[in-house]
Amino acid sequence: MAIDPAPPLATIAAALRRERERAGLSLTELARRAGIAKSTLSQLESGSGNPSVETLWALGVALDVPFSRLVEPPTAAVRVVRAGQGPRIRSEHADFSATLLAAGAPHARRDVYVMELEPGAVRLAEAHTPRSVEHVVVAAGRMRVGPETDLVELEPGDYATFPGDTPHRYEALAPGTFAVLVMEHP
């Protein structure tokens, strides 16, 4: 079993400071809007701590930026992400991890992720920025995905799209579930 690379702490720290300052928010105000402790935010901005997917999503929503803007390092013209490498962030509530493959250009605001899920706890996702849309293609395994009011089951090769601006879930129904997620942010 491969060991997860550490979250890109220096990239996250720089991005949080940059986006917080761009938004004109104090540490206290951003922490309040994201529903996290000010000390947690301070640790993240200093490059320490171990942020979860949930914490980074909450900060992205509070800053009105895509998740990718908080974890994506600057890229070259040609970029390769080898299987098992890249900025992998784990959930604290489910056996779920997401690896950002590509962030959309600033005007496109589209991100591409690889998701790895195992049966057990469900990854519940809060609503993202208004008018967000998610696209999921299952490569291996089976999963249940979508808004809480309209869940669908997917198998390898299946595709689903749904609004990302309402609470939704990702649930593995088989071991070794692997999917590609494309998020569009207006």
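1. The protein chain has five helices and ten strands; helices (H or I, at least four residues) and strands (E, at least two) are DSSP runs, numbered from the N terminus. This is a predicted model, in which local features need pLDDT of at least 70 and side-chain atom pairs count only at pLDDT 80 or more, while totals for chains, interfaces and linings use all residues. Residues are numbered from 1 along each chain as its sequence is written, and side-chain values use heavy atoms, with hydrogens and water left out.

2. Of the 186 residues in the protein chain, 42% are buried (buried means under 20% relative accessible area, exposed over 50%, partly exposed in between, with a 1.4 Å probe and protein chains only). Take contacts (heavy atoms within 4.5 Å) between residues at least 6 apart in sequence: 66% of them join residues at least 24 apart.

3. After H1 comes Gly 24, with a positive phi near 70°.

4. Now for Glu 19, which counts as buried at 4% relative accessibility. Glu 19 has a salt bridge with Arg 22, with the closest N and O atoms 2.6 Å apart (a salt bridge is a side-chain nitrogen of Lys or Arg within 4 Å of a carboxyl oxygen of Asp or Glu). These two residues are three apart in helix H1, so about one helical turn separates them. Glu 19 also meets Arg 69 in a salt bridge, at 3.9 Å from N to O. Because Arg 69 lies in helix H5 and Glu 19 in helix H1, this pair ties together parts that are 50 residues apart in sequence.

5. Another pair to find is Arg 144 and Glu 171, whose closest N and O atoms are 2.9 Å apart in a salt bridge. Arg 144 is in strand S6 and Glu 171 in strand S9, so the pair ties together parts that are 27 residues apart in sequence. Both belong to a network of salt bridges that links Arg 144, Glu 148, Glu 153, Arg 169 and Glu 171.

6. Finally, have a look at Glu 134 in strand S5. Glu 134 is buried yet has no salt bridge, and the nearest side chain of opposite charge, Arg 123, is 8.0 Å away (Lys and Arg count as positive and Asp and Glu as negative; His and the chain ends are not counted). Residues in contact with Glu 134, leaving aside neighbours within four places in sequence, include His 128, Phe 162, Tyr 170 and Leu 181.
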